[in-house]
Amino acid sequence: MAELLRTHPLEAWHVAFERLPDTARIAVEPFVAMVDVRLGAVGPEVRAGLGVDLPTIANTWVPADAGRATWLGPDEWLLSSTAETPEEFESRVRAAVLPLGGSATDVSAQRIGLRLTGARVRDVLTKGCSIDLHPRVFGRGSSVQTMLGQAGVVLLALSDAGDDYVVLVRSSFAGYLADWLLDAALEFITPDS
Amino acid sequence: MQLIECPWCGPREEVEFHYGGQAHVPYPDNPAEVSDEEWAHYVFFRDNTKGRFAERWNHTAGCRRWFNAIRDTATYRFERVYRLDGPKPVTP
């Protein structure tokens with residue numbers, strides 16, 4: 001049987017992203033393993049099993065071993081890992097949360113990541129996002145699930161300077177969001193960049 | 001745009017939310033013995049209050065949790081949000 005290779009939904013946008021200036025750079029993140037965790041109560045035994053303290057404060061994320069743990073709801077988290085395959089990651093997380101009454105589901109194919117860096121990316125994002133993204137309230141460790149343009153996204157802040165963000169968007173909305181971001185970043189393209 | 005306060009995420013724009021109808025509609029205690037007319041009342045009949053109304057909302061674009069809210073249907077003002085398992089607040 002022919003091997004099925006996963007193609008990235010934004011392959012056709014690479015050239016357009018490369019034309020963007022350093023002040024508003026968009027980079028497509030490589031595929032990562034992602035697992036959706038549902039768990040009623042978070043105690044110290046979760047850290048023992050998972051190696052990370054699941055954030056219990058709404059709209060935050062914390063770095064994990066080789067990825068991130070993002071708050072999605074009062075009993076729901078999104079865990080990502082760059083070190084394992086989706087199958088390995090799912091079975092490891094499931095083994096950790098199942099005895100605690102939780103569940104783990106592989107959602108690696110659901111979302112793709114876009115890394116937005118540069119001094120003007122906050123201006124690009126605020127064109128279609130109603131959340132206050134000023135680093136004073138949305139610094140490193142903040143996350144939010146909201147609408148960017150017409151697409152539902154998970155937005156993570158990676159720096160306290162407001163110049164480094166990760167946008168997780170559903171694969172089927174990636175093309176729309178890429179077009180929207182390119183349009184929003186248009187004014188920051190200068191002739192010499 | 002109107003902001004709605006999600007009990008988990010905080011104030012967000014109303015486009016992130018979906019309406020879920022009247023809150024506190026009790027499921028029949030003994031469903032097997034309920035007549036067709038009583039079922040119809042449970043399934044289809046809702047209050048049409050002018051003024052403060054307890055209703056269900058879902059934060060669709062955010063944490064996807066259901067919650068209850070007291071909203072004034074005449075002014076659209078959200079007076080209070082509370083969790084699904086909470087009692088219906090007494091409003092003046």
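User: How many cavities of 30 Å³ or more does the count give?
Analyst: This is a predicted model, where local features need pLDDT of at least 70, side-chain atom pairs count only at pLDDT 80 or more, and totals for chains, interfaces and linings use all residues. Residues are numbered from 1 along each chain, chains are lettered from A in the order written, and side-chain values use heavy atoms without hydrogens or water. A cavity is a set of points on a 1 Å grid over the protein atoms alone where a 1.4 Å probe fits but cannot get out. The count of 30 Å³ or more comes to one cavity.

User: What volume does the largest cavity have?
Analyst: Volume here is the space filled by probe spheres set on the points, which are joined across faces, edges and corners. For the largest cavity that is about 80 Å³.

User: Which elements give two or more residues to the lining of the largest cavity?
Analyst: Lining residues have an atom within 4 Å of a point. Among them are Leu50(A), Ser80(A) and Phe89(A). Helices (H or I, at least four residues) and strands (E, at least two) are DSSP runs, numbered from the N terminus. The elements are strand E5 (76-81) and helix H3 (86-97) of chain A.

Conventions: 1 Å grid on protein atoms, 1.4 Å probe; cavity = no way out; pocket = protein on both sides within 12 Å on 5 of 7 lines; lining within 4 Å.
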